Amino acid sequence: MNQSLRSILKELGLPNRFEIIRILSSQQANLSQIYNYVTNTGTKMSISGVSRCINSLVNLDLVDKTDEGGYGITGLGLLMLDIISKLNKIFTYKDDLVDAVEFMETVPAEFKLGLANLTKAEVESDIYIATKRVIDEISKARMWCKYVCRFVECGIFRMLIRNYLRGVRDKMISSTDTLNDRLELLIKAIRLEGLSKDEIDAIKDKIEIRVLDLPFQLGIIDGRIAFFQILKPYKNTPTYISTDRDFVDWANKLFDHFWDIAKPVRIPFERALKS
């Protein structure tokens with residue numbers, strides 16, 4: 001580990017250092033002002049103790065002296081504040097992440113800190129309730145949906161087809177082991193819906209399927225709500241549901257990353273016309 005980073009992590013692990021850079025992230029302040037802010041939080045410190053903390057942060061380039069004789073946070077300080085704040089939120093789900101090795105190996109580093117957005121989501125532990133909520137939201141889709149899913153059920157495909165006829169567009173990343181069943185049920189659903197050749201032609205550009213094995217399920221509907229679930233072998237895991245803008249944006253970017261590397265699949269629409 002880089003020695004400077006080691007020193008920063010050690011320093012920010014000491015009481016009050018993190019609080020000082022948090023204070024300075026919103027405003028510049030002199031020693032007396034910082035002392036007042038810190039002690040108003042209930043922390044017992046002498047002004048000389050606060051001064052020593054600030055000097056340590058200055059030496060690590062997390063805090064700078066201003067021309068007016070006060071102190072302000074540096075770009076490096078803002079970066080460390082952001083990273084540690086997000087890690088603090090992620091640790092809310094520490095127990096869920098301990099055995100999520102496959103997920104952590106698969107997801108790029110730039111998306112991992114985005115797990116902090118889970119704190120903005122509702123947690124649904126009952127998979128049946130979560131599935132029902134997903135289906136309800138899909139039925140309300142007006143523009144587009146994106147999915148990373150393993151779930152395969154003919155009734156859902158019939159609902160999707162009705163969505164396509166209304167102009168909704170879908171992008172779907174399928175796992176390898178569910179792909180054939182997914183294609184078979186899509187064709188079956190088209191037949192059950194009794195679509196004409198013209199209607200089949202009209203929906204051909206409304207659904208794209210690609211294949212990639214991923215250790216999570218994900219759904220974004222119209223960019224307004226997102227569902228997220230880490231998959232673990234032989235273990236039920238919670239579903240995170242949120243309309244929060246940051247959560248939805250993170251989920252959307254995560255999907256787009258894997259969509260770009262997933263393998264396109266040809267959908268045999270012509271089979272839906274055969275009797």
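**Note on a predicted protein chain**

1. Contacts first. Among contacts in the protein chain with a separation of 6 or more, 71% join residues 24 or more positions apart. Keep in mind that this is a predicted model.

2. Overall dimensions. The C-alpha trace spans about 85 × 35 × 30 Å along its principal axes. The radius of gyration of the protein chain is 25 Å, whereas a compact globule of 275 residues would have one near 19 Å.

3. Secondary structure. The protein chain holds 13 helices and 10 strands.

4. Burial and surface. Of the 275 residues, 45% are buried. The accessible surface of the protein chain is about 14,800 Å². Carbon and sulfur atoms supply 51% of that surface.

5. Charge. There are 39 positive side chains and 37 negative ones in the protein chain. The centres of these two sets are 1 Å apart.

6. Helix H3. This helix covers residues 31-40, and Asn30 caps its N-terminal end. A side-chain oxygen of Asn30 lies 3.2 Å from the backbone nitrogen of Ser32.

7. Lys65. Where does Lys65 sit in the secondary structure? Lys65 belongs to strand S1, residues 63-65. Is Lys65 buried or exposed? Lys65 counts as exposed because its relative accessibility is 59%, and exposed means over 50%.

8. Around Lys65. Neighbours within four places in sequence aside, Lys65 contacts Gly70 and Tyr71. Ala116 is 51 residues from Lys65 in sequence. In space, the C-alpha atoms of Lys65 and Ala116 are 31 Å apart.

Notes:
Residues are numbered from 1 along each chain as its sequence is written. This is a predicted model: local features need pLDDT of at least 70, side-chain atom pairs count only at pLDDT 80 or more; totals for chains, interfaces and linings use all residues. Side-chain values use heavy atoms; hydrogens and water are left out. Helices (H or I, at least four residues) and strands (E, at least two) are DSSP runs, numbered from the N terminus. The radius of gyration is taken over C-alpha atoms; the globule rule is 2.2 Å times the number of residues to the power 0.38. Buried means under 20% relative accessible area, exposed over 50%, partly exposed in between (1.4 Å probe, protein chains only). Contact means heavy atoms within 4.5 Å. Accessible areas come from the Shrake-Rupley method with a 1.4 Å probe; for residues, only the protein chains shown count as cover. Lys and Arg count as positive and Asp and Glu as negative; His and the chain ends are not counted. The place of a charge is taken as NZ of Lys, CZ of Arg, CG of Asp or CD of Glu. A polar contact is a pair of N or O atoms within 3.5 Å; within protein, one must be able to donate a hydrogen and the other to accept it, and residues adjacent in sequence count only if both atoms are side-chain atoms.
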